[in-house]
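Visitor: Could we go through the strands and the charged pairs of this structure?
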Amino acid sequence: MKKMIPLALAAATLVAVPAQAQTSAANFAGPRVGAVIGVADDDLLGTDTFTYGANVGYDYDLGNAIVGITGEYQNSDDTGRDLAIVARAGAPVGSKALLYGLAGYSNLGTGTGTHLDGVRVGAGVEVAVSPNVFVNLEQRYSNYEAGVDGFQTVAGLGFRF
């Protein structure tokens with residue numbers, strides 16, 4: 001499963017992203033909200049589990065780069081809730097896509113009442129469906145204290161204001 005996730009991300013990027021240069025990244029700037037669903041492979045269970053969540057963020061257009069911040073609440077019936085605040089930075093590719101990396105803080109709250117602090121890193125692609133609607137795909141890795149870590153692959157739908 002872990003080997004297929006990066007391949008799926010690469011394939012989605014190649015299919016969704018035209019190869020011409022971006023002339024304006026205006027559609028990637030400003031406030032945004034979104035929802036995600038996906039699969040998490042966590043050390044806590046040793047198996048894959050369904051995950052879902054909501055996020056809010058803000059992106060800044062620096063010309064040839066986009067930088068932003070995202071806060072997210074994520075949940076899984078099996079592993080519990082995950083709160084994260086991450087920074088992201090990326091570059092527009094084509095007229096409608098943004099490739100980005102992300103890094104930040106994550107806190108896993110398990111069903112047993114244990115809270116684990118950790119670090120999240122990842123990469124993703126965002127594709128504008130319209131000036132105010134986008135879809136995205138992310139591959140994430142989180143490393144928590146006590147030797148707990150996990151991979152996530154999530155797809156999202158979001159709206160810009």
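Guide: The conversation below covers a strand pairing and then the salt bridges. This is a predicted model, in which local features need pLDDT of at least 70, side-chain atom pairs count only at pLDDT 80 or more, and totals for chains, interfaces and linings use all residues. Residues are numbered from 1 along each chain as its sequence is written, and side-chain values use heavy atoms, with hydrogens and water left out.

Visitor: In which sense do S2 and S3 pair?
Guide: Strand S2 (residues 48-61) and strand S3 (residues 66-76) are antiparallel, joined over 10 bridges. Strands are DSSP runs of E, at least two residues, numbered from the N terminus, and two of them pair if DSSP finds at least two bridges between them.

Visitor: Which residue in S3 does Ala54 face?
Guide: Ala54 stands opposite Tyr73.

Visitor: Now the charges: how many salt bridges are there?
Guide: There are 9, counting a side-chain nitrogen of Lys or Arg within 4 Å of a carboxyl oxygen of Asp or Glu.

Visitor: What does Arg160 pair with?
Guide: Arg160 forms a salt bridge with Glu126, and their closest N and O atoms are 3.0 Å apart. This pair links distant parts of the chain, with Arg160 in strand S8 (residues 149-160) and Glu126 in strand S6, 34 residues apart.

Visitor: Why does Arg160 count as buried?
Guide: Arg160 counts as buried because its relative accessibility is 5%; buried means under 20% relative accessible area, with a 1.4 Å probe and protein chains only. Glu126 is buried too, with a relative accessible area of 1%.

Visitor: Which residues join into one network?
Guide: Salt bridges that share partners join Arg32, Asp59, Arg88, Glu126 and Arg160.

How values were computed: Helices (H or I, at least four residues) and strands (E, at least two) are DSSP runs, numbered from the N terminus. Buried means under 20% relative accessible area, exposed over 50%, partly exposed in between (1.4 Å probe, protein chains only).
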